[in-house]
Amino acid sequence: MRLPLAFVPGSRSDAAKRAWPGFRQQLAWRPDNIAHFEFGVSMESFDYDFFVIGGGSGGVRASRMAAQAGVRVAVAEGSDLGGTCVNVGCIPKKLYSYAAHYHEAFEEARGFGWNVGEATLDWSVLKTNRATEISRLNGIYHSLITNAGATLLTGWAELAGPNTVRMDDGKTYTAKHILIATGGWPVVPDFPGREHVITSNEIFDVPQFPKRLVVVGAGYIACEFASIFNGLGAQVHIVIRRDRILRGFDEEICAFTAKEMEKAGVHFHFETKVDGIDKEGDVLSVKLNDGTTLQADQVLYATGRAPNVQKLNLESAGVQVNHNGAIQIDENYRTSAPSIYALGDVTDRIQLTPVALGEAMVLVDHLFGKGVRRMSYEFIPTAIFTHPNVGTVGYSEHEAREKYGEVTIYRSEFRPLKHTLSGSTARMMMKLIVDKKSDRVVGLHMAGDDAGEIVQGFAVAVRMGATKADFDATIGIHPTAAEEFVTMRG
């Protein structure tokens, strides 16, 4: 059937709105219906208005918000709901970090008069209790989806065209809009002995506690697990090909953190690479390019994550990716295929769960709401759960000097009050970066206990444009570590 010229895809003319009154009624006219009019088939002929591939944080948030707005939504997920964050990322990592801190607390308690006997870790209990909590969260995510009115499809999905999704059971579904929110996946480079290593996906459930752990990588995942397993009682070596950890974060804070980790017992091998790994029985021999060989029970590779796109059949819909496989999107999260969108780690912008959640809210508002919600990628706070924790918001000193030119740096390093009795030599560092011209605080960084909790509150002020004068005029809460941020003077 040939359509009038007014129904050419993309048309927004008044003529299109007036043409064929019967069809206009059938289409339940909205301007964007015309843009997605395919072969004379109306929007109502699609199985769903919105099909989400991926049941992680971003996918669940988008599907839930859309379904609550009355949109016909389906979500496809072949693994446990909640994605990386819930199952093998943020949540279990933080739980294990708590476990590691108890080891420190037992030692520190003696300085406060507590007689604590020898403490031992029951690895199986920790794993079991963690698994129970994650299972509970999986159930909550299931309820969030289904209670909102969305349809949950269990299985792996791939594209079969710009408006079609194929499940691994062979069934296909059509949708006006498709969202790809499949996250990222750990990447291990090719080298001799690659088959003997594990990634952050497996580390939580290794059968036996690794008394000797070698971690390869310098990013936040590598450093967090090095701290965690060191705190749990393992002998930890971390192999880093560069001369510093946590590239992209403030260099001074990173150097301080590395020093504190080393004091706590983590062994660093900077500017070093793994040449190969041999296995004899249960023992792994890790050969380094400086001639050193490390004996290990497990080797954790945390050398990066890649967008999880390999099984999506993106080419069938003309979805383009960049050099590292990340899906290319515009400012509205639309891919090169007009009906398909992507957000979260699969786009490799900022790999943080709250960012994916924010992007999901913006996208749903763009597609099904008033289109007024926006997402700012400036002044996004984050935390690294090393020991000590790192919390940061805004620009590093290097970035601030490049962006603002002349800046003023305020820093403070001190021994926390708790450790005046605990006997620990752990220290804390805080740093403010101020644009000299405007007096605005453009960077706030901290390494120390509860850094994430403290920086989250200050992130509101930094996001709102607080000046150093505003910080100075704020009364501190005494005695706390956080008050240091409002008492720093030049």
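This note goes through helix packing, aromatic pairs and some local backbone features of a predicted model.

1. **Helix 6 against helix 8.** Start with helix 6, residues 90–109, and helix 8, residues 220–232. Their axes come within 7 Å and cross at roughly 40°. The crossing is left-handed. Helix 6 brings Lys93, Tyr96, Ser97, Ala99, Ala100 and His103 to the contact. Helix 8 brings Tyr220, Glu224, Ile228, Gly231 and Leu232. By class, that makes 6 nonpolar, 3 polar and 2 charged residues.

2. **Helix 6 against helix 7.** Helix 6 also packs on helix 7, residues 123–147. Here the angle is about 145° and the axes are 10 Å apart. This crossing is right-handed. On the helix 6 side, look at Ile91, Pro92, Leu95, Tyr96 and Ala99. They meet Trp123, Leu126, Lys127, Arg130, Glu133, Ile134 and Leu137 of helix 7. The contact has 9 nonpolar and 3 charged residues, and no polar ones.

3. **Residues of helix 6 to follow in both contacts.** Tyr96 and Ala99 are listed for the contact with helix 8. Tyr96 and Ala99 are also listed for the contact with helix 7. Display both partners when you inspect these two residues.

4. **Tyr96 and Phe204.** The whole structure holds 18 aromatic pairs. One of them joins Tyr96 and Phe204, with ring centres 5.3 Å apart. Why is this pair edge-to-face? The planes stand at 70°, and an angle over 60 degrees counts as edge-to-face. Tyr96 sits in helix 6, while Phe204 sits in the loop between strand 7 (184–186) and strand 8 (212–216). The pair therefore ties together parts that are 108 residues apart in sequence. Both Tyr96 and Phe204 are buried.

5. **Phe458 and Phe485.** In this pair the ring centres are 5.0 Å apart and the planes are at 65°, so the pair is edge-to-face. Phe458 belongs to helix 13, residues 451–463. Phe485 belongs to the segment after helix 14 (468–473). The pair ties together parts that are 27 residues apart in sequence. Phe458 is buried, and so is Phe485.

6. **Lysines over tyrosine rings.** Two such placements can be checked. Lys403 lies over the face of Tyr404, at 5.6 Å from the ring centre. Lys468 lies over the face of Tyr410, at 4.4 Å from the ring centre.

7. **Leu81: buried or exposed?** Leu81 is in the loop between strand 2 (73–77) and helix 5 (83–88). Its relative accessible area is 9%. The cut-off for buried is under 20%, so Leu81 counts as buried. What surrounds Leu81, beyond its neighbours within four places in sequence? Its contacts are Gly55, Val86, Asn87, Asn138, Tyr141, His142, Ile145 and Leu152. Ile145 is 64 residues away along the chain, yet the C-alpha atoms of Leu81 and Ile145 are separated by 9.9 Å.

8. **Cis peptide bonds.** The bond from His387 to Pro388 is cis, with omega near 15°. Pro388 lies in the loop between strand 17 (382–384) and strand 18 (390–394). The bond joining His478 and Pro479 is cis too, with omega about -5°. Pro479 lies in the segment after helix 14. Phe485 is also placed in that segment.

9. **Positive phi.** Asn313 is a residue other than glycine, yet its phi is positive, near 55°. Asn313 lies in the loop between strand 15 (305–307) and strand 16 (340–342). Its relative accessibility is 22%, so Asn313 counts as partly exposed. Asp348 likewise has a positive phi, near 55°. Asp348 is in the loop between strand 16 and helix 10 (353–368). At 29% relative accessibility, Asp348 is partly exposed.

Notes: Residues are numbered from 1 along each chain as its sequence is written. This is a predicted model: local features need pLDDT of at least 70, side-chain atom pairs count only at pLDDT 80 or more; totals for chains, interfaces and linings use all residues. Side-chain values use heavy atoms; hydrogens and water are left out. Axes are lines fitted to C-alpha atoms, for helices over the stretch in contact, and angles run from 0 to 180 degrees between N-to-C directions. Helices (H or I, at least four residues) and strands (E, at least two) are DSSP runs, numbered from the N terminus. A crossing is left-handed if the near helix is turned anticlockwise from the far one by less than a right angle, and right-handed if clockwise. Contact means heavy atoms within 4.5 Å. Ala, Val, Leu, Ile, Met, Phe, Trp, Tyr, Cys and Pro count as nonpolar, Asp, Glu, Lys and Arg as charged, and the others, Gly among them, as polar. Rings of Phe, Tyr and Trp (its six-membered ring) pair if their centres lie within 6.5 Å; planes under 30 degrees apart count as stacked, over 60 as edge-to-face and the rest as tilted. Buried means under 20% relative accessible area, exposed over 50%, partly exposed in between (1.4 Å probe, protein chains only). A charge sits over a ring if NZ of Lys or CZ of Arg is within 6 Å of the ring centre and within 35 degrees of the ring normal.
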